[in-house]
Amino acid sequence: MFGCAFSITGGVKMSAVDYSLQIDEARETVICEVRGLSKSYRNFWLNDVSFKLEPGYILGFVGRNGAGKSTTIKSMLRLVKPDCGEVKMFGMDYAENEEECKKHLGIVLGEFDYYADKKLKTVTGVVRRFYPEWDEAAYRRCIARFELDETKRVKELSSGMKVKYALALALSHNAQLLILDEPTSGLDPVSRDELLDVFREFVADGKRSILFSTHITSDLDKCADYIMYIKDGCILMNGDREEIIGGYRLVCGGKADMTPELEAALIGVKETAFGFTGLIAERDLNAADGLQTAPADIESIMLYTEKYELHQEA
């Protein structure tokens, strides 16, 4: 089990200064660590999710709808109770120090739907009371940047503007880790690109990190340092984005080129009028010797793993 790194020891309670210093030291090495997180439902099982996130990086959490992204995030935050697993944030056991951890978290779970009849300035007045490190100047910058009108009521905002408002709140209390579930969903391409700029700026000082889930793979290509890919509740890939992409190639050929050796090596294949295209691991490229290949990206890796998976029925 993870121990609580910041408990009362020797019968002497730590001072606020000592406590803060130890949190800062913990952030220098790992900002979030998850081990063996599992959650079972009647028709779904989140199975043994484990990963680490160091300061200064963006971890893109990708998978199709229903794969387990939201369940993972909600289990991490104990919005649903996991069956087993351990979560540490800022060097602290999250379950034992949830209130303290949340002071350093910025959380956006979909669009903002609370206090629908209240004006934004009223909602902000309530939210700021929960954060000792609320930064009014940062909040004002976000309001201006996202072109939010504080006199509007929450229910009057579009889906995209609700996401922007939720993000403005998350960015306004000196959070060290942003946990975002589908933050770009519902945004137009220009707004999505603006949001990705904000993400990159957030981690630029090397002290803060972002975990964000998405099914929009082009967002990952633009800003993610690491990729974690989940399928049917299991983590299939977790690592450096460039290394993951570099580990696969797209291969195409005619029907006569589909040898038993190549078929065994392909991860997924799509038949075309002229033959096939498929996804193959770089290490197995010898099976495609003489055939045309092209670089893969996150979208093609997902498509050939999910939609064009070989022997899907089996």
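A residue is called buried when its relative accessible area is under 20%, exposed when that area is over 50%, and partly exposed in between (1.4 Å probe, protein chains only). The structure examined here is a predicted model, in which local features need pLDDT of at least 70, side-chain atom pairs count only at pLDDT 80 or more, and totals for chains, interfaces and linings use all residues. Residues are numbered from 1 along each chain as its sequence is written, and side-chain values use heavy atoms, with hydrogens and water left out.

Leu 109 lies in strand β6 (strands are DSSP runs of E with at least two residues, helices are runs of H or I with at least four, and both are numbered from the N terminus). Together with Leu 79 and Ile 107, Leu 109 makes a nonpolar surface patch of about 230 Å². Such a patch joins nonpolar side chains (Val, Leu, Ile, Met, Phe, Trp, Tyr) within 5 Å, taken from residues with over 30% relative accessible area and no salt bridge.

Ile 107 leads on to the pockets. The largest pocket holds about 780 Å³ of space, and Ile 107 is among the residues closest to its centre, along with Phe 112, Tyr 114, Val 127 and Tyr 131, out of 23 lining residues. Two or more lining residues come from each of α3 (98–102), β6 (105–109), α4 (120–127) and α6 (159–170), with β6 giving the most, five residues. A pocket is an open set of points on a 1 Å grid over the protein atoms alone, where a 1.4 Å probe fits, with protein on both sides within 12 Å along at least five of seven lines; lining residues have an atom within 4 Å of a point. The lining of the largest pocket comprises 16 nonpolar, three polar and four charged residues.

The second largest pocket has a volume of about 320 Å³. Its lining has 15 residues, and Ala 138, Arg 141, Cys 142, Leu 171 and Arg 208 are the closest to the centre. Here α5 (136–145) and α7 (189–203) each give two or more residues, and α5 provides the largest share, four. This lining divides into seven nonpolar, three polar and five charged residues.

A salt bridge places a side-chain nitrogen of Lys or Arg within 4 Å of a carboxyl oxygen of Asp or Glu, and the structure holds 18 of them. One joins Lys 52 to Glu 33 at 3.8 Å, N to O. These partners sit 19 residues apart, Lys 52 in strand β2 (residues 45–53) and Glu 33 in strand β1 (residues 32–40). Lys 52 is exposed at 58% relative accessibility, whereas Glu 33 is buried at 9%.

Lys 231 takes part in two of the bridges described here: with Asp 232 at 3.3 Å, N to O, and with Glu 309, where the closest N and O atoms are 3.7 Å apart. Glu 309 lies in the segment after α11 (298–306) and Lys 231 in strand β9 (residues 226–231), so this pair ties together parts that are 78 residues apart in sequence. Lys 231 itself is buried, at 14% relative accessibility, while Asp 232 is exposed at 56% and Glu 309 is partly exposed at 30%. Elsewhere, salt bridges link Arg 128, Glu 136, Arg 140 and Glu 150 in a network.

Terms used
Grid points are joined across faces, edges and corners, and a volume is the space filled by probe spheres set on the points. Ala, Val, Leu, Ile, Met, Phe, Trp, Tyr, Cys and Pro count as nonpolar, Asp, Glu, Lys and Arg as charged, and the others, Gly among them, as polar. Patches are made of residues with over 30% relative accessible area and no salt bridge: like charges are joined within 9 Å, nonpolar side chains (Val, Leu, Ile, Met, Phe, Trp, Tyr) within 5 Å. Accessible areas come from the Shrake-Rupley method with a 1.4 Å probe; for residues, only the protein chains shown count as cover.
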